[in-house]
Amino acid sequence: MVEPVLDIRNLKVDFATRNGVAHVLDDISFTVEPGELLGIVGESGCGKSMTALSILGLIPSPPGKIVGGSINFQGRDLTKLSQAEMRKIRGGDIAMIFQEPMTSLNPVFTCGEQIAEAVRLHQGVSPKAARARAVEMLRAVGIPEPEMRADAYPHQLSGGMRQRVMIAMALSCEPKLLIADEPTTALDVTVQAQIFGLLDDLRRRTGTAIILITHDMGAIAEMADKVAVMYAGRVIERGPADAVLDDPGHPYTRGLLASIPRIDADPDADLPEIPGIVPALTDLGRGCAFEPRCKLAVDRCRLAQPPHFPMSSDHSAACIHLEGRVIPA
Amino acid sequence: MNALLSVRDLKVHFPVGKGGSIHAVDGVSFDIPRGKTLGIVGESGSGKTTTALAVMRLAPITAGKVDLDGTPVSSIEGEELRKARPRFQMVFQDPFSSLNPRDRVASIIRQPMDLLNLGNPADRDLRVEELLQQVGLRPELKSLYPHQFSGGQRQRIGLARALATQPDLIVFDEPVSALDVAVQAQVLNLIRRLQRETGLTYLFISHDLGVVRHICDEIAVMYLGQVVEEAPAAEIFASPRHPYTQALIAAAPSLAPEHRRRGGGAKLQGDPPSPINLPKGCRFASRCPIAIDHCRHVPPELRPITETQMAACHLA
């Protein structure tokens with residue numbers, strides 16, 4: 001059994017809002033092992049990005065607060081570290097790339113300067129060595145003429161190139177964990193395929209664990225070893241990517257997969273819809289958060305939040321209809 | 001050929017400093033028969049949105065013709081153009097910025113009727129309620145403001161506004177790309193239902209191949225301002241002829257088992273060339289996996305490959 005890089009247990013994050021307390025993350029648990037790619041998938045507002053911010057200690061507080069659970073990273077509980085200690089980890093052992101490569105790079109510094117800054121901050125090397133490292137990283141992420149590109153400002157590069165610079169910066173300190181929050185949403189599909197190829201290649205070569213946050217089940221299929229499906233602040237299904245995609249247990253996961261327009265589907269049939277919209281997090285009842293939209297809902301669903309029921313040794317979903325399901329040996 | 005919309009050799013060039021110009025749309029032709037949907041797919045900068053805007057007369061047409069059922073949309077101006085406007089309407093990509101946040105929904109949907117003086121003013125409020133019902137919203141929501149709606153509901157409001165003038169043609173520019181997938185399915189089904197019920201003709205711009213496969217009868221693929229392939233939807237997916245179409249389909253993320261953990265499946269390297277300094281030959285040659293010397297010198301024409309399929313490739 002490989003020791004996980006990251007082990008999140010029963011994480012709870014609350015936000016104080018005008019309409020009461022929102023349980024933004026409610027009892028989140030998952031692990032990521034070295035070299036593994038975990039996909040976190042769900043619709044806007046389900047808590048995907050908030051999970052990433054919790055790991056990095058970037059929850060805006062107030063109004064947000066971690067009210068329970070632990071985030072174990074290499075034997076340390078990140079929820080207990082000081083701001084100064086977290087600063088050493090952020091950008092060092094844990095790196096992040098964001099959705100918008102234009103706004104996450106500083107427009108008044110060259111790409112090389114920005115990567116070199118991260119290197120000097122975390123590795124304490126000379127400016128010259130840091131610059132050399134920046135060029136080396138730009139080359140590693142497939143940027144042509146890296147010596148020249150290191151002197152380019154972000155606006156001089158295309159969207160795909162900018163995202164490569166972000167990845168180069170994130171990887172410059174050899175992180176153990178890389179969190180990629182919708183890294184290709186702003187990019188074209190052919191460029192997305194290039195970025196995916198780059199991330200996949202890097203984790204196989206360096207053993208960096210990756211958390212890929214996405215709303216796109218297609219991206220999950222292309223990239224993930226295992227998946228956590230989130231809905232209204234909870235992980236409602238988790239398991240190996242193949243198991244979740246081929247034999248989804250939760251009605252929400254099934255609905256999400258069915259509603260994707262597919263190239264190989266019958267174009268004359270209407271798309272199966274999930275009726276309604278995601279509930280407000282301040283407005284959740286006692287029961288299953290998906291119950292108001294669920295075709296299979298019964299009275300019992302309204303009574304209490306369903307626990308995870310196992311579907312196999314490593315695949316489970318939080319739906320009472322799975323209770324008593326016979327687990328294949 | 002009985003086409004409702006006919007576009008011939010459409011060009012939209014934007015001047016940029018020192019006498020250069022961006023060839024945003026560079027010789028695009030297509031027809032859409034009444035009651036059918038043409039999809040235009042392509043990546044950012046391919047000119048698909050500019051094509052849509054030019055058809056709507058919202059981008060300046062440099063050359064070429066746009067004809068809507070006998071009305072020469074590309075050459076009329078002023079009052080004549082205004083009179084023709086009710087017949088072609090548009091639904092925009094961003095459901096947040098395309099609705100005036102200070103107007104109530106009733107006034108947003110009513111506005112095209114007021115501006116174009118359609119129907120009896122006394123009947124317009126009733127018509128607003130009908131339109132809301134038609135797009136699946138409760139009429140009593142008409143007194144709310146846009147921010148009180150979700151993204152999917154806002155896109156329904158945008159659709160109701162487009163339907164208000166009883167158009168023949170609706171141009172959609174990425175109408176579902178800002179929506180979550182479960183909501184996207186609701187809006188796509190609505191768009192199809194409206195066409196079944198009213199015989200509307202659609203020009204549908206999207207970068208999502210799954211979406212166009214689901215919505216469109218015919219698909220045109222654009223690259224750097226030109227159509228590189230056009231065919232009925234089923235054929236273009238079953239047997240894409242242009243290397244760019246092939247790469248686009250290969251790169252589209254899919255749930256299919258053979259796509260699992262393949263790490264993106266990138267076929268193309270690099271980015272498209274600049275639309276200012278266009279290459280002499282085929283515009284795709286610099287990224288094309290099968291380009292030969294001839295491709296770099298002679299631009300290929302869009303030509304019939306089969307009875308229904310056209311491609312602009314020397315090697316197709």
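Tutor: Two residues are in contact if their C-beta atoms, placed from the backbone, lie within 7 Å. The model is predicted, and by that cut-off the contact between the chains takes 39 residues from chain B and 42 residues from chain A.

Student: Which helices of chain B supply at least two residues each of the side that touches chain A?

Tutor: They are α6 (181–198), α7 (209–215), α8 (233–238) and α9 (243–251) of chain B. The largest share of that side, eight residues, comes from α6(B). Sorted by class, the side of chain B that touches chain A has 18 nonpolar, 13 polar and eight charged residues.

Student: Why is α7(A) called oblique to α9(B)?

Tutor: Helix α7 (residues 189–206) of chain A packs against α9(B) at an angle of about 55°, with the two axes 8 Å apart. Angles under 35 degrees count as roughly parallel, those over 145 as roughly antiparallel, and those from 65 to 115 as roughly perpendicular. An angle of about 55° belongs to the rest, and therefore α7(A) is oblique to α9(B). The crossing of α7(A) and α9(B) is left-handed.

Student: Which residues meet where α7(A) packs on α9(B), and how many of them are nonpolar, polar or charged?

Tutor: From α7(A) come Val189(A), Thr190(A), Gln192(A) and Ala193(A), and they meet Ala247(B), Leu248(B) and Ala251(B) of α9(B). The residues of this contact of α7(A) with α9(B) divide into five nonpolar, two polar and no charged.

Student: Why are α3(A) and α6(A) described as roughly parallel?

Tutor: The axes of helix α3 (residues 111–123) of chain A and helix α6 (residues 159–171) of chain A come within 8 Å and cross at roughly 20°. The cut-off for roughly parallel is an angle under 35 degrees, so α3(A) counts as roughly parallel to α6(A). The crossing of α3(A) and α6(A) is right-handed. The contact is made by Cys111(A), Gln114(A), Ile115(A) and Ala118(A) of α3(A), together with Val165(A), Ala168(A) and Met169(A) of α6(A). By class, the residues of the contact of α3(A) with α6(A) divide into six nonpolar, one polar and no charged.

Student: What makes β5 and β10 of chain B the edge strands of their sheet?

Tutor: The open sheet has eight strands in the order β5-β6-β7-β3-β8-β9-β11-β10 (chain B), with mixed pairing. Strands β5 (88–91) and β10 (303–304) of chain B are its edges in the sense that each pairs on one side only.

Student: Why can chain B be called as compact as a globular protein of its length?

Tutor: Chain B holds ten helices and eleven strands. Its radius of gyration is 21 Å, which is close to the 20 Å that the globule rule gives for 316 residues, so chain B is as compact as a globular protein of that length. Along its principal axes, the C-alpha trace of chain B spans about 65 × 50 × 40 Å.

Student: Which partners does β1(A) pair with in the antiparallel sense?

Tutor: Eight bridges join β1(A) to β4(A), and the two run antiparallel; within this pair Arg9(A) stands opposite Ser70(A) in β4(A). Ten bridges join β1(A) to strand β2 (residues 20–32) of chain A, again antiparallel, and the bridge partner of Lys12(A) in β2(A) is Asp26(A). β1(A) and β2(A) form a hairpin with two residues between them.

Student: What makes the backbone at Asn10(A) and at Pro62(A) worth a remark?

Tutor: Most residues other than glycine have a negative phi, and most peptide bonds are trans. Asn10(A), in strand β1 (residues 6–17) of chain A, has a positive phi of about 50° although it is not a glycine. The peptide bond from Ser61(A) to Pro62(A) is cis, with omega near -10°, and the bond from Pro62(A) to Pro63(A) is cis as well, with omega near 10°. Pro62(A) is found in the loop between α1 (48–55) and β4 (64–73) of chain A, and Pro63(A) lies in the loop between α1 and β4 of chain A.

Key. Residues numbered from 1 in each chain as written. Chains lettered and ligands numbered in written order. Predicted model: local features only at pLDDT ≥ 70, side-chain atom pairs only at ≥ 80, totals over all residues. Helix = DSSP H or I, 4+ residues; strand = E, 2+ residues; numbered from the N terminus. Nonpolar A, V, L, I, M, F, W, Y, C, P; charged D, E, K, R; others polar. Axes fitted to C-alpha atoms, helices over the stretch in contact; angles between N-to-C directions. Left-handed = near helix turned anticlockwise from the far one by under 90°. Pairing = 2+ DSSP bridges. Rg over C-alpha atoms; globule rule 2.2 N^0.38 Å.
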